[in-house]
Amino acid sequence: MTTRREYRRAALKKMQLAKIVGNLTMASAHESLKGNALFLCQPIDENGNDAGAVVAAISPFGGGLGSKVVIVADGSQARRYVGHKHSPLRHCIVCVLDD
């Protein structure tokens, strides 16, 4: 059985600092993604260096090119935001950071 503390630790490991490097536009998309802002996010480390592959993330907060954000790789968060339990998106922007 997973304790509440273990669950929180696992959730924190899924969070990643990232920088928005582009907008994502699709000619055809899953119904859950229509009308939502999608961004290409480059994970970065605490020094601003690239730390992984670029990912697509949905954002309820907006954001602009070059904005630093916190993304979460928990698909349930993205599915909760779009309100569709079968949404294919995994990453969600949960915070836009001030410079």
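Colleague: Why is Cys95 called partly exposed?
Modeller: This is a predicted model, and the value is computed from it. Cys95 has 29% relative accessibility. Buried means under 20%, and exposed means over 50%. The 29% of Cys95 falls in between, so Cys95 counts as partly exposed.

Colleague: Why does Cys41 count as buried?
Modeller: Cys41 has a relative accessibility of 0%. The cut-off is under 20%. Therefore Cys41 is buried.

Colleague: What makes Glu46 exposed?
Modeller: Its relative accessibility is 70%. Exposed means over 50%, so Glu46 qualifies. Glu46 sits in the loop between strand S2 (37-43) and strand S3 (55-59). Leu17 is 29 residues away in sequence, yet the C-alpha atoms of Glu46 and Leu17 are 7.6 Å apart.

Colleague: How do you know that Cys41 is in no disulfide?
Modeller: A search of the whole structure turned up zero disulfides. For Cys41, the nearest cysteine sulfur belongs to Cys92, 9.9 Å away. A disulfide needs the two sulfur atoms within 2.5 Å.

Colleague: What do the five strands build together?
Modeller: They form a closed barrel, in the order S1-S2-S3-S5-S4, with mixed pairing. From one strand to the next, the twist averages 55 degrees.

Colleague: Which residues make up the largest nonpolar core?
Modeller: There are nine: Ala18, Ile20, Phe39, Cys41, Val55, Ala57, Val69, Ile71 and Ile93. S1, S2, S3 and S4 each give two or more residues to this core. Another core, of five residues, lies apart from it, and includes Leu38, Ile58, Leu89 and Cys92.

Colleague: What is Val55 in contact with, leaving aside its neighbours within four places in sequence?
Modeller: Val55 is in contact with Phe39, Leu40, Cys41, Ile71 and His91.

Colleague: Which elements have the highest and lowest mean pLDDT?
Modeller: Strand S1 (residues 15-23) has the highest, 93. Helix H1 (residues 4-13) has the lowest, 58. The protein chain averages 78, and 65% of the residues score at least 70.

Terms used
Residues are numbered from 1 along each chain as its sequence is written. This is a predicted model: local features need pLDDT of at least 70, side-chain atom pairs count only at pLDDT 80 or more; totals for chains, interfaces and linings use all residues. Side-chain values use heavy atoms; hydrogens and water are left out. Two strands pair if DSSP finds at least two bridges between them. Helices (H or I, at least four residues) and strands (E, at least two) are DSSP runs, numbered from the N terminus. Axes are lines fitted to C-alpha atoms, for helices over the stretch in contact, and angles run from 0 to 180 degrees between N-to-C directions. Buried means under 20% relative accessible area, exposed over 50%, partly exposed in between (1.4 Å probe, protein chains only). pLDDT is the predictor's confidence in each residue, from 0 to 100. A nonpolar core is a set of buried Ala, Val, Leu, Ile, Met, Phe, Trp, Tyr and Cys residues joined through side-chain atoms within 4.5 Å. Contact means heavy atoms within 4.5 Å.
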